[in-house]
Amino acid sequence: MKANCWMGRNTVEVQDVPDPGILNPRDAVVRITSSAICGSDLHLYDGFVPTMKKGDVLGHEFMGEVVEVGPGVTTLRVGDRVVVPFPISCGGCLACENGLFSVCENSNPNAGMAEKLLGHSPAGIFGYSHMLGGYPGGQAQYARVPFADVGPIVVDDDLPDEKVLFLSDILPTGWMGAEMCEIKPGDVIAVWGAGPVGQFAVASALLMGAERVICIDRFSYRLQIAARAGAETINYEQTDVLDALRDMTAGRGPDACIDAVGMEAHYPVPAVHAYDRAKQATRAETDRPYALREAILACRNGGVVSVIGVYAGLIDKFPMGSFMNRSLTLRTGQCHVQRYMEPLLARIREGALDPSFVITHHLDLEDAPRGYEMFKHKENECNKVVLHPW
Amino acid sequence: MSEAEHHNAHRWAGVLGWVSAGLGVLQVAAPDTVVRVIGAGDRPWARRVVRLIGLRELFHAAVLLGSRRPAPLVWTRVAGDAMDLALLGRLMAEREDGGRRRLAASTAAVTGITFADIVTAVRGGHEPGLPPHRLTNLRAAITVNRPRREVYRFWRDIENLPRFMIHLESVEPIAGGYSHWRAKGPAHKSVEWDAEIIEDQTEQLIAWRSVEGATVRNRGSVRFTDAPGGRGTEVRVDIDYDPPAGKVGLAFARLLGEHPQQQVCDDLRRFKQVMETGEVARSEGSPEGTRARRQLFQRPAQPVR
Ligand SMILES: [Zn+2]
Ligand SMILES: [Zn+2]
């Protein structure tokens, strides 16, 4: 089959690789119909996530048709149309029982490796390094889906791919980012990052009853999409974010701040950017945490900082003084996707939500390298790329 | 041998380490003085040999002072003592008139030191309460989200062990609590031994040891306790094994991989997977499952360039 493979920093190639098969009784094999490039794929592309190997198949947002099931799968049948959540979760461990699917205790066969870097291992993830399982991803024609009786959700044929595909990752991720803010009537929410996840966080926060949502980015076309989803916007290259937020909230600060940016944030002050970039290059620090720092400083006293942007390792200059002295709450996590799939699918089905508004490009799988370049450099107003393997 | 005596041996080994350091510095820095004091005369090579011995003493010092349990390492000093005595003997045989008395005194002193070294090394070599061989200890623990009765039963059925212990090929029960264990080594060599269950407290503890004459002496126990707040069962494993010598020993050591501790942790993790999910998690990136070969490549994670 054809698959998009990581070949080193800033290089992906579509190659012929062996078809996946059933390895374990609870596996299924899915013939992929749509597969997206995610913002967190750029952290792999840029080489900031450790334990990637040349030839690893990328992609963790995909859906398709079940073509094979192992003897242990009783919930799916060949021919079912499914969306596959990106965290691989067993359903039987304490974490899964408590709905913490992205920290499943059983799905990472390389848990020892992850423990050395992270202390404890989170769940395995499709196409996201050997530290997180070494599972081939879904930017391919087929994918093997472990614990297929727990993750994938069956969708009706009348819902097109582009409406349901993002149930696999970015829609529930944005939703969880807003949910962690525990939004109450009158709340003002600030969202750093107007990428697709930030755009979904904006839409979710409004659906949950936020009074106002303010979205911060530097690309005007992305801010426009966020504005269409209902946000007020700040372009941080033109406006000082802290001043603007203080002004917009009459001195209170946002009640909750969502970091939908993560480890490769940009910052308009060149000296600060150079400092973190240099530390990152020498691996004295793996992640650039500007958005996180700013979110903490901006948040109102006693507010919540919700982190859904991806961080991989260590950060420097964490504003602990501000965080501690002002009674802030920090909430984080890779999305526990399985928890949100059913309720969000219901909202999509009843027409309350149409996630397809984030898509700007449809490409053939063969064009994945072009898609990565375009998405990384924000060319052609690229917001979200969907790949079609067939 | 008591714990206290054993502790003493390690303390003595430390003192000997400092003696080595002092001697080494002296021999390297002032070889002429040393040559005169021991009565080696004015042989042109004596100075060089003393310097070399000094370097060796510094090596002993590094080995002894660098270890937290240095007593068994005193054997390196004993080997050095033997070299020194041989050298002194040769000098004596050459009957250097003026130096003979000094040489005799030096030989007596070295003999005394040798005796002290041997006593320390022998005492330190025995771990308290264990047979007189070095046993390697591995411990690991994990919480399994299943009832204690179920977890205990699965383990007690020792034929199940190869389902999650990566280096085991089979465990066959024989009558009377005995069992036959087989592990697959590299190059298709099997390592086999018999073991017996020496303690079996229902739903609490299983302890086993290899029987007399096994190629790989080992013993272990697994304890089962309730995790607090209905979080399942805490499983604690404690294994002692004797890294044996020879070809079989080497094969066995390699079976345990480069990181035996990590191997035991991973075995327990697979046990949890089997108990909680019914299978061992496998990815195409690590497809070997419970085949032993994977252990050969097991390394701690490293960021890629
Ligand atoms: Zn993603
Ligand atoms: Zn789980």
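**Figure 1. The side chain of B:Ser283 reaches the backbone oxygen of A:Gly133 at 2.5 Å.** The model is predicted: local features need pLDDT of at least 70, side-chain atom pairs count only at pLDDT 80 or more, and totals for chains, interfaces and linings use all residues. Residues are numbered from 1 along each chain as its sequence is written, chains are lettered from A and ligands numbered from 1 in the order in which they are written, and side-chain values use heavy atoms, with hydrogens and water left out.

**Figure 2. The surroundings of B:Ser283.** B:Ser283 lies in the loop between helix H8 (260-277) and helix H9 (293-296) of chain B. Helices (H or I, at least four residues) and strands (E, at least two) are DSSP runs, numbered from the N terminus. With a relative accessible area of 0%, B:Ser283 is buried; the term buried means under 20% relative accessible area, exposed over 50%, and partly exposed in between (1.4 Å probe, protein chains only). Leaving aside neighbours within four places in sequence, the residues in contact with B:Ser283 include A:Leu23, A:Pro109, A:Tyr135 and A:Arg144, where contact means heavy atoms within 4.5 Å.

**Figure 3. The zinc ion (ligand 1) and its protein donors.** A:Cys38 (SG), A:His60 (NE2) and A:Asp169 (OD) lie 1.8 to 2.2 Å from the zinc ion (ligand 1). Donors are N, O and S atoms within 2.8 Å of the metal (3.2 Å for Na, K and Ca); water is not among the atoms, so sites may look incomplete. The spacing of these donor residues in sequence is C-x21-H-x108-D. A:His60, in the loop between strand E4 (56-57) and strand E5 (61-69) of chain A, and A:Asp169, in the loop between helix H4 (161-164) and helix H5 (170-179) of chain A, are 109 residues apart and link distant parts of the chain. Both A:His60 and A:Asp169 are buried.

**Figure 4. The zinc ion (ligand 2) and its cysteine donors.** The SG atoms of A:Cys90, A:Cys93, A:Cys96 and A:Cys104 lie 2.3 to 2.4 Å from the zinc ion (ligand 2). The arrangement is tetrahedral because the 4 donor atoms subtend angles of 100 to 119°; four donors count as tetrahedral if all angles lie between 85 and 135 degrees. Along the chain, the donors follow the spacing C-x2-C-x2-C-x7-C. A:Cys90 and A:Cys96 are buried.

**Figure 5. An open sheet of 7 strands in chain B.** The strands follow the order E1-E7-E6-E5-E4-E3-E2, and their pairing is antiparallel. Strand E1 (136-144) and strand E2 (168-173) of chain B stand at the edges, each with a single partner strand, so one side of each is left without a neighbour in the sheet. Two strands pair if DSSP finds at least two bridges between them. Strand E4 (residues 190-201) and strand E5 (residues 205-210) of chain B pair over 6 bridges, and B:Glu196 stands opposite B:Arg209 in E5(B).

Notes. Polar contact = N/O pair within 3.5 Å; in protein donor to acceptor, adjacent residues only side chain to side chain. Tetrahedral: all angles 85-135°; square planar, octahedral: opposite > 155°, others 65-115°.
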